[in-house]
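Subject: Structure handover

Hello,

Please find the structure below, with notes on what was found in it.

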Amino acid sequence: MQTVIAPRDERTQPARIVPGYPQTPWRNPAQPLVRRPPTLSELTGPLEVARRVQLLGGDIAGHGEKQALGQLMHLRVRVLDEDGAPVGGAVVEIWQCNAAGRYIHPNDDEHAPVDRNFYGAARLVTDDAGSFTLRTVKPGAYPVPTRDGWWRPPHIHFSLFGKVWLSRLVTQMYFPGEPLNGQDRILNAVPDAAARESLVARLVPPTGDPFDALVYEHCIVLRGRKATPAQP
Amino acid sequence: MIPTGEATLGPFFPPRYVDAGANDLTQCAGRKAQGEAIGIAGCVRQEDGAALENLVVEIWQADAQGIYRHPADARHREADADFLGWGRAATDKAGTYSFRTVRPGAPAGRARHVNFMVMFSGLMRILKTTMYFPGEAANEIDPVLAAVPAARRALLVARQEAPGQYRFDIKLRGQDETPFFDD
């Protein structure tokens, strides 16, 4: 079983140096990246990450008196490979800030309150259809403390393991209709408009099931011409 | 208020992102992997030489026999059941990561090597590189190392600091910039 991996389309991937993102000019390589012949080493990859890390599940909103503050939502995600086939058994790691825009992280400042009922990290495995559901609260926007006033729009971070080392992906997901999407430097570091749009989830028109949560759908393509753009 | 350094922007990997013990590939669920245990450690720096704390490093490698635990490897049924081939570490205040693993065997047509991946605040895309072992004749015929411009190849060869202990520093940008691959 030898996987053939199509290259990513460069226009769908973010610029490496982003004006106003002060770390980017120090950390992204100046030399051209080296194109390598794919060998077994890149066309294999860890399939048993779940034996090495603790799974945290996909329900991070809490229940009853311990429910997190904010807009309850379900996010239904499908993970696909470069041929559009579902990627089952993939470890997915998710992290996000709380409804007020605050991360549980020592480096996050104190611009917004911590919610003691919200840790903001999930880790789960996709089912045979490449799907999973995250039950969470919608993350808030937060200010990036640059002098010209840039705010990150609401977003959720994803780290995914596909079937091979070449399909390791770290990206973000955004919400439809957010006015801040248009000025976000990280989302807009992706040159191609359709690729940017592929980072935005779809709101499913409410049906009453579930009655207490908004439902969003999203699709993540790990590799190939239609690959979901990387995000930091 | 203008916060400095890492306070300015994420991504804020949750503290639980790097599990305790995820950097030790020599055992799994209490069972010991086959082969010679080795250590790999190094410092990760940015262009101005500053060491980077809380950077996430992952590795992927073949087992001691040079077999990948993956169905694409024709020999995968012979792979060591107690060696997963994958690990994750975070850098400390000195910018240092460390792994315990086994010396990988040389897969067919390759020199023995360890694949690396780095993710961090300010990296718009994850970066991938590959570490080689010093003094290996097969380094001369490895097709991935051969793809790297000759003048930069030495940057991918680790230094042996003690028997079974290797140092592989990573420079993200600037002088002695580590070669990264367009994956």
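Where in chain B is B:Leu156 found? B:Leu156 sits in the loop between α1 and β9 (159-162) of chain B; helices (H or I, at least four residues) and strands (E, at least two) are DSSP runs, numbered from the N terminus.

Before the rest, two notes on conventions. This is a predicted model, in which local features need pLDDT of at least 70 and side-chain atom pairs count only at pLDDT 80 or more, while totals for chains, interfaces and linings use all residues. Residues are numbered from 1 along each chain as its sequence is written, and chains are lettered from A and ligands numbered from 1 in the order in which they are written.

Back to B:Leu156. This residue counts as buried because 21 other C-beta atoms lie within 10 Å. The term buried applies if 20 or more other C-beta atoms lie within 10 Å of a residue's own, exposed if 12 or fewer, and partly exposed in between, with C-beta atoms placed from the backbone. Setting aside residues up to four places away in sequence, B:Leu156 touches B:Thr129, B:Thr130, B:Met131, B:Tyr132, B:Leu145, B:Val148 and B:Pro179. Here two residues are in contact if their C-beta atoms, placed from the backbone, lie within 7 Å. B:Ile67 is 89 residues from B:Leu156 along the chain, and the C-alpha atoms of the two are separated by 22 Å.

Chain B

Chain B has 1 helix and 11 strands. Read from the N terminus, its elements run β-β-β-β-β-β-β-β-α-β-β-β. Of its 183 residues, 49% are buried. A compact globule of 183 residues would have a radius of gyration near 16 Å, and the 17 Å of chain B agrees with that; the radius is taken over C-alpha atoms, and the globule rule is 2.2 Å times the number of residues to the power 0.38. Along the principal axes, the C-alpha atoms of chain B fill a box of roughly 60 × 40 × 35 Å. Among contacts in chain B between residues at least 6 apart in sequence, 68% join residues at least 24 apart.

Chain A

Chain A has 2 helices and 10 strands, in the order α-β-β-β-β-β-β-β-β-α-β-β from the N terminus on. Buried residues make up 45% of its 232 residues. The box filled by its C-alpha atoms, taken along the principal axes, is roughly 55 × 45 × 35 Å. Of the contacts in chain A with a separation of 6 or more, 74% are between residues 24 or more positions apart.

A sheet in chain A

In chain A, 4 strands form an open sheet in the order β3-β2-β7-β8, and the pairing is antiparallel; two strands pair if DSSP finds at least two bridges between them. β3 (121-125) and β8 (169-174) of chain A stand at the edges with a single partner strand each, so one side of each has no neighbour in the sheet. The twist averages 20° from one strand to the next, where axes are lines fitted to C-alpha atoms, for helices over the stretch in contact, and angles run from 0 to 180 degrees between N-to-C directions.

β7(A) and β8(A) run antiparallel and are joined by 6 bridges. A:His155 stands opposite A:Tyr174 in β8(A). A:Ile156 lies in strand β7 (residues 155-160) of chain A. Why does A:Ile156 count as buried? The reason is that A:Ile156 has 25 C-beta neighbours inside 10 Å. Leaving aside neighbours within four places in sequence, A:Ile156 is in contact with A:Ile94, A:Gln96, A:Pro139, A:Gln172 and A:Met173.

Where the chains meet

The contact takes 58 residues from chain A and 57 residues from chain B. On the side of chain B that touches chain A, β7 (113-119) and α1 (143-147) of chain B each supply at least two residues. β7(B) gives the largest share of that side, 4 residues. By class, the side of chain B that touches chain A has 35 nonpolar, 10 polar and 12 charged residues. For these classes, Ala, Val, Leu, Ile, Met, Phe, Trp, Tyr, Cys and Pro count as nonpolar, Asp, Glu, Lys and Arg as charged, and the others, Gly among them, as polar.

Regards
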